[in-house]
Amino acid sequence: GQRVTLGGITLTAHITPGHTPGCTTWTTRLQKLDIAFLCSPTVPDVYKLVGNPKYPGIIDDYRVQFAFLRSIHPDIFLGSHGSFFDLARKSAALRKHPKRNPFIEPEGYTKFVDEMEKKFKEMVAKQTAAAQ
C-alpha cells in the first residue's frame, strides 16, 4: 500500500509473493486508465510447490496473489516480461495505428490471470498426487 511518486505519477505497491517472496505488483491511474505492472504470477515447470522447504508458504502466497490480481481490473497491464502482455505485437500495432492503443486490453489481463491460475492449480494437483 505504500506509494512512490516519480515525475508526477504515483505508483502504489502491492506485495504479491508467489513466484518469489518479494514480488511486488504496482498500480497507478493515468489519463483515466487503471494500469498494473505485474511482478509475476507465472509458475515455471521446475518450481516445487508441494513440500518446498526453501519456501514453505509458496502455495498460500500464490493463492493470495491470484485473489489480489482478481480484485483489480486494469485497463492496461504490463509485466516483468514482455511475453506476459504480448509486447512485440502491441508495439508493432501501435506504430502502425498510433491513434488506436492496443495496450488498452482489459480482457487480455483477465485471460492472462486465468491461464496462470489454471497452470498453478494443475501443478499443485500434480505435485500433490506425486507426493502421496
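Me: Leu38 stands opposite Gly79 in β5. In what sense do β4 and β5 pair?

Reply: First, a word on the model: it is predicted, with local features needing pLDDT of at least 70 and side-chain atom pairs pLDDT 80 or more, while totals for chains, interfaces and linings use all residues. Residues are numbered from 1 along each chain as its sequence is written, and side-chain values use heavy atoms, with hydrogens and water left out. Strands (E, at least two residues) and helices (H or I, at least four) are DSSP runs, numbered from the N terminus. Two strands pair if DSSP finds at least two bridges between them. Here β4 and β5 are parallel, over four bridges.

Me: Which helix does the chain pass through from β4 to β5, and what is the hand of the crossover?

Reply: To judge the hand, look with the strands pointing away from you: a clockwise path from the first strand over the helix to the second is right-handed. The chain goes from β4 through α1 to β5, and this β-α-β crossover is right-handed.

Me: What about β3 and β4: parallel or antiparallel?

Reply: Antiparallel, over five bridges. Arg29 faces Asp34 of β4 across that pairing. The hairpin has two residues between its strands, and Gln31 takes a positive phi near 50° there.

Me: How many disulfides does the structure hold?

Reply: One. A disulfide here is a pair of cysteine sulfur atoms within 2.5 Å, and those of Cys23 and Cys39 are 2.0 Å apart. Cys23 sits in the loop between β2 and β3, and Cys39 in the loop between β4 and α1, so the pair ties together parts 16 residues apart in sequence. The torsion about the S-S bond is about -65°, so this disulfide is left-handed. Cys23 is buried at 1% relative accessibility, and Cys39 is buried too, at 18%.

Me: Which residues does Thr16 touch?

Reply: Contact means heavy atoms within 4.5 Å. Leaving out residues up to four places away in sequence, Thr16 touches Cys23, Thr24, Thr25, Cys39, Gln65 and Phe68. That list includes both disulfide cysteines. Thr16 itself is in the loop between β2 (9–15) and β3 (24–30), and at 1% relative accessibility it counts as buried.

Me: On to the rings. How many aromatic pairs are there?

Reply: Eight in the whole structure. Rings of Phe, Tyr and Trp (its six-membered ring) pair if their centres lie within 6.5 Å; planes under 30 degrees apart are stacked, over 60 edge-to-face and the rest tilted. Take Phe77 and Phe112: the centres are 5.5 Å apart and the planes at 25°, so the pair is stacked. Phe77 is in β5 (residues 76–79) and Phe112 in α3 (residues 106–131), so to speak distant parts of the chain, 35 residues apart. Both are buried. Ring pairs also join Phe77 and Phe112 with Phe84, Phe85, Phe103 and Tyr109 in a cluster.

Me: What end-to-end span should α3 have?

Reply: The rule is 1.5 Å times one less than the number of residues. For the 26 residues of α3 that gives 38 Å, and the end C-alpha atoms are 38 Å apart, which agrees.

Me: Which residues of α3 are buried, and what do they pack against?

Reply: An α-helix has 3.6 residues a turn, so residues three or four places apart point the same way. In α3 the buried residues are Gly108, Tyr109, Phe112, Val113, Met116, Glu117, Phe120, Met123, Val124 and Gln127. These pack against β4 (33–38), α1 (58–71) and β5.

Me: Which contacts does Ile59 make?

Reply: Ile59 is in α1 and buried, with a relative accessible area of 16%. Not counting residues up to four places away in sequence, Ile59 touches Leu49, Val50, Phe120 and Val124. Phe120 and Val124 are among the buried residues of α3.

Conventions:
Buried < 20%, exposed > 50% of the residue type's maximum accessible area, 1.4 Å probe, protein only.
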